[in-house]
Amino acid sequence: MKGKRRSWAVCLGILMATAVVAGCGAEESSGQGPERVSEEKRLTVYTSHKPEVYAPIVKEFEERTGIWVEVVPGGTTELLERIREEGERGPCDVMFGGGVESYEVYKDCLEPYESTQSGHIVSIYRTEDHTWTAFTELPIVLIYNNKLVDAAAAPRGFEDLFDGDWDGKVSFADPGRSGSSCTMLETMIQVLPMRENDVLERFAGVLNYRMAAGSGAVLDEVSEGKYLVGITLEETAKKYIDRGAAISIVYPRGGTSAVADGCAVIKGADHEENAKLFVDFIVSPDVQRLASEELYRRTVRDDISPDKKEEGSIMDFDLEWAVKNQESILERWAALMARNGGGS
C-alpha cells in the first residue's frame with residue numbers, strides 16, 4: 001500500500017501543475033483516442049472538485065477499470081441545476097463533489113444506490129434511501145492574512161465578523177454557485193444567536209454586498225492581502241498553507257460544521273453500472289487513505305484513523321433544516337445582493 005500511496009502522490013504533484021479538464025483516457029495508453037472507446041467503457045462525471053482532487057482519483061479509476069472518464073467541472077449548485085434542466089436524457093452519469101445537503105435538495109435527480117462499501121462508512125454519513133454517498137468530511141474555518149493581521153486581533157468566531165472591524169475586509173464566495181458557501185451561510189445561521197434574516201442582512205453588509213468569483217478566489221484574495229479575512233474549507237486552507245501562503249486557520253470558538261461532500265448516480269444515467277463502480281471506488285480504503293493523507297480531507301470510513309489529532313469543535317449540523325431552507329436562503333441572499341448592487 002505504501003508504494004501505491006507514493007505513486008499517487010507523484011501523480012498528484014504532476015496533475016496539480018497541469019489543469020486537467022477531461023479524463024486522462026484509459027484507452028489512450030493503447031493508442032486509441034476517446035472517440036474509439038466503446039460505449040460500455042464510458043462514464044461522464046460532473047464535479048465541483050478542483051483538478052488536484054478529482055484528477056488523481058479519476059486517473060486511478062481509469063487505470064483499474066479500463067473505463068474512460070469525461071469530466072465536466074463547475075460549481076456545485078450550477079452543476080446540479082444543469083442536471084435538473086437536462087433531465088434523464090442528459091449526459092451526466094455521476095455527480096461528484098458538493099455538500100450532501102445540496103444533494104438532498106436535488107434528490108429527485110438522483111438514482112438511489114447503496115455502495116458496497118456502505119458498511120464501513122461512519123453511521124452519521126449513511127442515508128436510509130441511499131440517494132447519495134458521502135466522500136469526505138469538510139470542516140468550515142476562518143482564515144486571515146497573518147502578515148497583515150496580528151494573531152491576537154484575528155476573529156476567533158463567526159460572531160466577531162459582525163463587530164464592525166471587518167466590514168469590507170472579508171472574502172466570501174457566491175453561495176448561488178458554491179455549495180460550500182451555501183453551507184457556510186447555513187452554518188452561521190445555526191451557530192449565531194440571531195434571526196435568520198438578521199444574519200443574512202448583516203453579513204451581506206459586512207461584505208459590502210460583494211462576493212468573490214469562486215471558492216478558490218477566497219484563498220487567493222486573503223493570501224494576497226486584498227482582503228484580510230475569509231471563510232473557507234479546512235481542506236483548501238491547509239493546501240494553501242503548505243504551498244507557502246501567508247494565511248492562518250481559525251477554528252470558530254462557537255463551533256463549526258463539518259458537512260460531508262458527496263457523490264451520486266444520476267437518474268437515467270446511460271452508464272449506470274460504471275457510475276456505481278465509481279461511487280464504490282471513491283469510498284474504497286485506497287481512495288479514502290489518499291484523501292486523508294494527500295488531499296487534506298477527513299475520511300468518512302470508520303476503519304481508517306487520521307494521522308493527526310483533528311482540530312476544532314464540530315457542531316451538530318441540522319441537515320434536515322438546511323435542506324428545507326436552502327432554497328429560501330439562497331433566494332433571500334440573491335435579493336439582498338441584487339437590491340444593493342452586489343455581486344462577484
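Q: How many disulfides does the structure hold?

A: The structure, a predicted model, holds zero disulfides. A pair of cysteine sulfur atoms has to lie within 2.5 Å to be given that name.

Q: Why is C92 called buried?

A: The relative accessible area of C92 is 4%. Buried means under 20%, so C92 is buried.

Q: What makes C263 a buried or an exposed residue?

A: C263 has a relative accessible area of 1%. That value is to be set against the limit of 20% for burial, and therefore C263 is buried. Over the 344 residues of the protein, 55% count as buried.

Q: Which angle and which distance describe the packing of helix 5 and helix 11?

A: Helix 5, residues 179-191, packs with helix 11, residues 319-339, at an angle of about 105 degrees, and the two axes are 10 Å apart. Angles of 65 to 115 degrees count as roughly perpendicular, so helix 5 is roughly perpendicular to helix 11. These helices belong to a protein with eleven helices and ten strands.

Q: Which residues of helix 5 and helix 11 meet?

A: From helix 5 the residues are C182, L185, E186, I189 and Q190, and from helix 11 they are W321, A322, Q326, I329, L330 and W333. By class, the residues of this contact divide into eight nonpolar, two polar and one charged.

Q: What makes the phi of H130 a positive value in a residue other than glycine, and where is H130 found?

A: Phi of H130 is near 60 degrees, a positive value, and the residue is not a glycine. H130 is found in the loop between strand 4 (110-111) and strand 5 (133-145).

Q: Why does H130 count as partly exposed?

A: The relative accessibility of H130 is 25%. Buried requires under 20% and exposed requires over 50%, so H130, at 25%, counts as partly exposed.

Q: Where is the place of Y209, and what is its phi?

A: Y209 is in the loop between helix 6 (196-206) and helix 7 (215-223). Its phi is positive, about 55 degrees, although Y209 is not a glycine. With a relative accessible area of 24%, Y209 is partly exposed.

Q: Why is Y125 called buried?

A: Y125 has a relative accessible area of 11%. The limit for burial is 20%, so Y125 is buried. Its place is in the loop between strand 4 and strand 5.

Q: Which residues is Y125 in contact with, leaving aside its neighbours within four places in sequence?

A: Y125 is in contact with W132, A134, E137, A258, A260 and V300. As for V100, its C-alpha is 9.3 Å from that of Y125, and the two are 25 residues apart in sequence.

Q: What makes T116 an exposed or a buried residue?

A: T116 has a relative accessible area of 59%. Exposed means over 50%, and therefore T116 is exposed. T116 lies in the loop between strand 4 and strand 5. Its C-alpha is separated by 9.2 Å from that of L277, 161 residues apart along the chain.

Q: Why does E224 count as exposed?

A: The value for E224 is 51% relative accessibility. The cut-off is over 50%, so E224 counts as exposed. E224 is found in the loop between helix 7 and strand 7 (229-233).

Technical notes: Residues are numbered from 1 along each chain as its sequence is written. This is a predicted model: local features need pLDDT of at least 70, side-chain atom pairs count only at pLDDT 80 or more; totals for chains, interfaces and linings use all residues. Side-chain values use heavy atoms; hydrogens and water are left out. Helices (H or I, at least four residues) and strands (E, at least two) are DSSP runs, numbered from the N terminus. Buried means under 20% relative accessible area, exposed over 50%, partly exposed in between (1.4 Å probe, protein chains only). Axes are lines fitted to C-alpha atoms, for helices over the stretch in contact, and angles run from 0 to 180 degrees between N-to-C directions. Angles under 35 degrees count as roughly parallel, over 145 as roughly antiparallel, 65 to 115 as roughly perpendicular and the rest as oblique. Contact means heavy atoms within 4.5 Å. Ala, Val, Leu, Ile, Met, Phe, Trp, Tyr, Cys and Pro count as nonpolar, Asp, Glu, Lys and Arg as charged, and the others, Gly among them, as polar.
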